[in-house]
Amino acid sequence: MSISVSDLVTVRSRHPEAIAEAAARRVRRPLIGDSGRLMIVAADHPARGSLAVGGHKLAMANRVDLLERLCMALSRPGVDGVLATADILEDLLLLGALDGKVVMGSMNRGGLAGASFELDDRFTGHRPKDIERLRFDAGKLLLRIDYEDAGSLTTMVTAARAIDDMAERRLPVFVEPFISRRTGGKVVNDLSAEAVTKSIAIASGLAGTSAYTWLKVPVTEDADEMAAVMETSTLPAVLLGGDVGKSPQDQEEAYEKWRKALGLPTVQGLVVGRSLLYPAEGSVETAVDTAVGLL
């Protein structure tokens, strides 16, 4: 698909109502399709100011390049949908790339990467009523908890109320929990089995109901520990891809970890972003097809 910035700007400046019209006519599908698995491409990083991939600090900053990569990924067999913020999803709507796809709105982006308030992660993205109005299919929120940062409590409370609001609308919400801490002034997520277990337990109990809650979980440092970790909850879960590293070897190691974890009873699929859209080696098509093959 050839994407022109000028075309998008013309529509946005002269016919902003075209976004709502495109959302209204979008062909929808069930969350879980015939495969019984879920493969989602994530692109909600820019709104948090997180633009780096590997050693390239501004890799995700070129919007047309990102949109082209997303359109390519969404066109591949086995890719179910996309997770992104409003600006990206609206571009994709205008491009007609979301028909028959699962569309997942990213909800809390206030905890900007590197900010002093990073763990006071308020909901500055999609609200539940926006996801309902635009006929999107699900929402996603990030829940990072640092026992030494009071901002984490604000994030927990607002996350719980967002889950309640989504459940009232019978809309699935994917909760991405971490136990985090500051190391040298930088927020680092703890991927030990104990920390991931604790984060799953906390996330599973948030809000007045868990009926529409899914978990979006990282693979532990030792992938062999994931079986015990995932016994913490009966909620359906997808694996978080994350940044898999700078080299093809790092990417292969990540694929092997995902392959092991995808066989666990509660794990229903993958949500992967940068490692597929900006692979360390090869094309977007090859990276996406390889990930789909793991399912």
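**Salt bridges, a helix pair and a hairpin**

Let me start with one pair. Arginine 26 and aspartate 137 join their side chains in a salt bridge, 3.2 Å from N to O. By salt bridge I mean a side-chain nitrogen of Lys or Arg within 4 Å of a carboxyl oxygen of Asp or Glu. The two partners are 111 residues apart: arginine 26 sits in the loop between α2 (17-25) and β1 (38-42), aspartate 137 in the loop between α5 (128-133) and β4 (138-145). Helices (H or I, at least four residues) and strands (E, at least two) are DSSP runs, numbered from the N terminus.

Buried or exposed? Arginine 26 counts as buried, at 3% relative accessibility. Aspartate 137 is buried as well, at 7%. The cut-offs: buried is under 20% relative accessible area, exposed is over 50%, partly exposed is in between, with a 1.4 Å probe and protein chains only.

A word on the model. It is predicted, so local features need pLDDT of at least 70 and side-chain atom pairs count only at pLDDT 80 or more, while totals for chains, interfaces and linings use all residues. Residues are numbered from 1 along each chain as its sequence is written, and side-chain values use heavy atoms, with hydrogens and water left out.

Back to charges. How many salt bridges does a search of the whole structure find? The count is 23. Another one joins the side chains of aspartate 44 and arginine 109, at 3.4 Å, N to O. Aspartate 44 is in the loop between β1 and α3 (63-74), and arginine 109 is in the loop between β3 (102-106) and α5, so this pair ties together parts 65 residues apart in sequence. Aspartate 44 is buried at 4%. Arginine 109 is buried at 6%. Both belong to a network of salt bridges that links Asp44, Arg109, Lys140, Glu176 and Lys216.

Now a local case. Glutamate 256 forms a salt bridge with arginine 259, with 2.5 Å between the closest N and O atoms. They are three residues apart in helix α9 (residues 248-261), so about one helical turn separates them. Glutamate 256 is partly exposed at 35%. Arginine 259 is partly exposed at 42%.

Next, helix packing. Two packed helices are described by the angle between their axes and the distance between the axes. For helix α1 (residues 5-14) and helix α4 (residues 86-94), the axes come within 11 Å and cross at roughly 100°. Axes here are lines fitted to C-alpha atoms, for helices over the stretch in contact, and angles run from 0 to 180 degrees between N-to-C directions. The two helices are therefore roughly perpendicular, a label that covers 65 to 115 degrees; under 35 is roughly parallel, over 145 roughly antiparallel, and the rest oblique.

Which residues meet? Leu8, Val11 and Arg12 in α1 meet Asp87, Glu90, Asp91 and Leu94 in α4, where contact means heavy atoms within 4.5 Å.

On to the hairpin. Strand β5 (residues 173-183) and strand β6 (residues 186-189) pair in the antiparallel sense over four bridges. Pairing requires that DSSP finds at least two bridges between the strands. Arginine 182 has valine 187 in β6 as its bridge partner. Two residues lie between the strands, and glycine 184 takes a positive phi near 60°.

Last, backbone angles. Arginine 170 is not a glycine, yet its phi is positive, about 55°. Arginine 170 lies in the loop between α6 (151-168) and β5, and is exposed at 65%. Alanine 207 has a positive phi near 75°. Alanine 207 is in the loop between α7 (193-204) and β7 (213-218), partly exposed at 23%.
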